[in-house]
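Let's walk through this protein together, beginning with a pair of side chains and ending with the whole fold. Keep the picture beside you as you read.

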Amino acid sequence: MAYRALITGSSSGIGFEYAKYLSQKGWSLDLVSQDKDRSLESKQNLQYEKAQFHTFDLGKRESINSIINSFETPDLLVANAGIAINGAIGEIKQTEKDYYYYLMCGGVIDLIEGFIPKMTEKNSGRIVIISSIGATTAMPKSSLYSSIKSGVHAYGRSISTELQDKNISVTVSLPGYVKTNAHERAGLNHLKDKVPWWMWINAKQVVIETEKASIQGKADVIPGKVYKLVRPFLNFNSAIKVWRKITKRN
Ligand SMILES: NC(=O)c1ccc[n+]([C@@H]2O[C@H](COP(=O)([O-])OP(=O)(O)OC[C@H]3O[C@@H](n4cnc5c(N)ncnc54)[C@H](OP(=O)(O)O)[C@@H]3O)[C@@H](O)[C@H]2O)c1
């Protein structure tokens with residue numbers, strides 16, 4: 001049987017690795033990102049005839065509506081597109097806040113809810129949301145990011161339960177530090193030196209562990225051994241202090 005996946009944020013990092021992973025399994029792919037040049041570059045890197053490349057600004061409601069109205073219903077929807085947001089309290093303008101919230105939370109919900117009725121009709125489907133370990137711990141100077149990622153985490157966990165009898169699984173992935181372009185794009189290049197090597201995981205590992213959890217129907221997953229180990233401690237004051245020191249924003 002031929003499966004179809006829709007992956008947002010597919011031009012680099014975790015989204016690109018997801019596309020690569022599924023291409024090796026023969027899936028048909030709808031790949032969405034924003035920048036035309038980067039999309040073309042990812043097309044050249046993927047070299048896969050069963051992939052279609054689309055460019056939309058997912059921070060805009062009309063883009064989400066176009067996708068829902070014109071794309072085939074996927075067997076797997078990976079809501080991954082996003083950016084790192086760096087900014088202390090009050091530093092981010094209202095228009096930017098609204099945009100980020102739609103890109104990584106409101107738009108994710110709209111996209112998922114646009115496809116759920118069609119998945120329900122098919123009586124099958126998988127949904128993966130890429131959140132962040134930042135959804136579960138304090139992130140000073142990235143509080144907006146943390147709140148957005150908490151929002152999609154809570155949403156994903158809730159609908160995972162709600163959809164249990166419809167044969168649709170929902171899995172929220174909570175990665176820690178992943179080696180991608182995200183930090184450099186957000187002006188957080190210093191983290192590459194500051195965060196110790198053992199805290200970085202690669203995008204392929206995120207994909208493998210997330211896919212496994214999704215196929216098993218798990219509501220959430222933390223990729224990487226180190227993060228699985230530290231998660232229970234992340235709400236202790238002493239652990240938060242160490243975490244803050246290591247990941248301090250400039
Ligand atoms: N890297 C980490 O340490 C880390 C940790 C936890 C969670 N995450 C999450 O993982 C997801 C993927 O990030 P990544 O690390 O793989 O970063 P990345 O390499 O920078 O990839 C981000 C992807 O999202 C797309 N994107 C960004 N803004 C968009 C927009 N307005 N419209 C459409 N597409 C847009 C980018 O497309 P363009 O190339 O066209 O801009 C790119 O394909 C994000 O949600 C991020 O928050 C990352």
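**From one pair to the whole protein**

Start with D30 and R4, whose side chains meet in a salt bridge, 3.0 Å from N to O. (A salt bridge here is a side-chain nitrogen of Lys or Arg within 4 Å of a carboxyl oxygen of Asp or Glu.) The pair links distant parts of the chain: R4 belongs to strand 1 (residues 4–8) and D30 to strand 2 (residues 28–33), 26 residues apart. Helices (H or I, at least four residues) and strands (E, at least two) are DSSP runs, numbered from the N terminus.

Before we go on, a word about what you are looking at. This is a predicted model, in which local features need pLDDT of at least 70 and side-chain atom pairs count only at pLDDT 80 or more, while totals for chains, interfaces and linings use all residues. Residues are numbered from 1 along each chain as its sequence is written, and side-chain values use heavy atoms, with hydrogens and water left out.

Are D30 and R4 buried or exposed? D30 counts as buried because its relative accessibility is 4%, and R4 is buried too, at 14%. (Buried means under 20% relative accessible area, exposed over 50%, and partly exposed in between, with a 1.4 Å probe and protein chains only.)

Now look at E17 and K20, which form a salt bridge with their closest N and O atoms 3.7 Å apart. Both lie in helix 1 (residues 13–23), three residues apart, or about one turn of the helix. E17 is buried at 16% relative accessibility, whereas K20, at 32%, is partly exposed.

Another salt bridge joins E96 to K93, with 3.8 Å between the closest N and O atoms. Here K93 is exposed, at 56% relative accessibility, and E96 is partly exposed, at 30%. How many salt bridges does a search of the whole structure find? The search finds seven.

Finally, step back to see the whole protein. It has ten helices and nine strands, and its C-alpha trace spans about 50 × 40 × 35 Å along the principal axes. Buried residues make up 53% of the 250 residues.
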